[in-house]
Amino acid sequence: HDDPVTSFPFVLAMLKRVFAKSPAEAYLITREAHDTGSAVADVLPLEQAEFRRDQVHSLARAEGYPLTVTLEPAD
């Protein structure tokens with residue numbers, strides 16, 4: 001989810017580090033979230049998705065960012 005505090009470079013770094021996205025993929029996902037308010041980072045089994053969400057939240061909070069990742073069921 002987009003927020004007014006978390007930096008664009010930090011979101012890029014999380015997508016590359018936690019979700020193993022290429023720089024180009026990370027940029028497109030971050031740009032979509034910035035432009036529309038949210039974006040799909042990945043589609044994963046629930047346990048993996050929960051683990052990555054928790055990783056992002058932990059890393060973001062350690063840096064003082066309120067970056068939020070939410071889980072939604074796949075269609």
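The model is a predicted one, in which local features need pLDDT of at least 70 and side-chain atom pairs count only at pLDDT 80 or more, while totals for chains, interfaces and linings use all residues. Residues are numbered from 1 along each chain as its sequence is written, and side-chain values use heavy atoms, with hydrogens and water left out.

Helices here are DSSP runs of H or I with at least four residues, numbered from the N terminus. The table gives the axes, which are lines fitted to C-alpha atoms over the stretch in contact, with angles that run from 0 to 180 degrees between N-to-C directions.

| Pair | Axes come within | Crossing angle |
|---|---|---|
| α1 and α3 | 11 Å | roughly 140 degrees |
| α1 and α2 | 9 Å | roughly 130 degrees |

α1 passes α3 in a right-handed crossing, where the near helix is turned clockwise from the far one by less than a right angle. Contact, meaning heavy atoms within 4.5 Å, is made here by F10, M14, R17, V18 and F19 of α1 and by R52, Q55, V56, L59 and A60 of α3.

The crossing of α1 and α2 is right-handed, and its contact involves F8, V11, L12, L15 and K16 of α1 together with P23, A26, Y27, I29, T30, R31 and H34 of α2. By class, the residues of this contact are eight nonpolar, two polar and two charged, where Ala, Val, Leu, Ile, Met, Phe, Trp, Tyr, Cys and Pro count as nonpolar, Asp, Glu, Lys and Arg as charged, and the others, Gly among them, as polar.

**The largest pocket**

A pocket is an open set of points on a 1 Å grid, where a 1.4 Å probe fits, with protein on both sides within 12 Å along at least five of seven lines, and lining residues have an atom within 4 Å of a point. The largest pocket has a volume of about 850 Å³, a volume being the space filled by probe spheres set on the points. Its lining has 33 residues, of which A39, V40, A41, D42 and T70 lie nearest the centre. Two or more lining residues come from each of α1 (8-19), α2 (23-36) and α3 (46-62), and α1 gives the largest share, five residues.
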